[in-house]
Amino acid sequence: MNFLLTSAAKTFSLTAIAEMSDEQVEELLKSLRWPETEGRPVCPECGCDAVYVLKTRSQYRCKRCGHTFSLTSGTLFHSSKLSLRTILQIGLLWANAAKGKSALEIRRDIGLNHKSSFVILHKLREALFKNRDVTPMTGSVEADGMHVGGAIRHANLAVDRPEQNTKPTPRLCVIALCQRNPAHGGALRTLVRVVETERAAAIIDFVGEHVVQGATVYADEHAGYDRLAAWFDLRRVNHKRGYRGDGGENINLCENLFSRFRRLQFGQIHKVEPRYLEVYANEIAYRIDTCRWDNKRITSDILGKALRTGRSESWRGYWRAKAGPDVGPLQAAA
Ligand SMILES: [Zn+2]
């Protein structure tokens, strides 16, 4: 049975959040921000965990250095006007959206304005990206690439005709590495990188950085993967003959990742800006890696990551600046 249909998948709900007291919401988020002290606030300035609670303002004051802080200060939610309950609701709605959540949906679900919902979703993606597990992969790893962009709109309307619209969106390639879980053959961990073309140098760089030498790497017949045979036990699948090689070789985890990405691209995001491509692909990688987790665990994980990640450089004052973030995650990672 599809995991999402089982009772194990649903351990949390909007109803449950509505029934929580303000104190319970705060306690839950505190346990996610400060897991090492089981939710006891720790001063972000000096690391001291002895604090006064300023009840009227939901703030804390450090007994050692006097610094005043809140549950969200110094995190990705820094200076956000969202209530703690709204943050929890957004985390749950995000966790429940197996194929990704659009800013327009969050806007209607929560009653936010479009800017806030757009920024909050990008901050969650930033939290995922900055907290990726990049431990070198071992065992069996699939590698493949997917092209995104490069299409010119069909010249039906006068404004789309070539003389007025000759600039296609840049064509980029997402390379994915999917480590198989030996227990069930599904995804254990997925890493993605955006490159300009699916060429050998870029592939060797990415695989060499994240996969230990000697591991088994599965790839299709694309020539860019040929040279991996020097460092890895390289197995190929010829897609002209079928989705599986004679020995069962396949890159089905990569295919699954890419087909899910297309659903996000065409169903939710619609227009993928090149500078955000890597964080969108990384979001789908995370969703696949966690597809057997219950929804409370995913909610806790994403909000915990956001609450333990420092203030956003890319999205701070985004709408005041109007020009957009000058350093997107893609550039930062390059
Ligand atoms: Zn302090």
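Residues are numbered from 1 along each chain as its sequence is written. Because the model is predicted, local features need pLDDT of at least 70, side-chain atom pairs count only at pLDDT 80 or more, and totals for chains, interfaces and linings use all residues.

The protein has 11 helices and 8 strands. These are DSSP runs numbered from the N terminus: helices are H or I with at least four residues, strands are E with at least two. Of its 334 residues, 30% are buried, meaning 20 or more other C-beta atoms, placed from the backbone, lie within 10 Å of a residue's own.

Three strands form an open antiparallel sheet, in the order β1-β2-β3. Strands pair if DSSP finds at least two bridges between them. β1 and β3 stand at the edges with a single partner strand each, so one side of each has no neighbour in the sheet. β1 and β2 are joined by 4 bridges. Val51 has Cys62 of β2 as its bridge partner.

Helices α5 and α9 meet elsewhere in the listing below. Their axes, lines fitted to C-alpha atoms over the stretch in contact, come within 9 Å and cross at roughly 85 degrees. The two are therefore roughly perpendicular (65 to 115 degrees). Contact means C-beta atoms, placed from the backbone, within 7 Å.

| Helix | Residues | Contact residues |
|---|---|---|
| α5 | residues 114-130 | Lys123, Leu124, Ala127, Leu128 |
| α9 | residues 295-307 | Ile302, Lys305, Ala306 |

Methods. Buried ≥ 20, exposed ≤ 12 C-beta atoms within 10 Å, placed from the backbone. Axes fitted to C-alpha atoms, helices over the stretch in contact; angles between N-to-C directions. Parallel < 35°, antiparallel > 145°, perpendicular 65-115°, else oblique. Contact = placed C-beta atoms within 7 Å.
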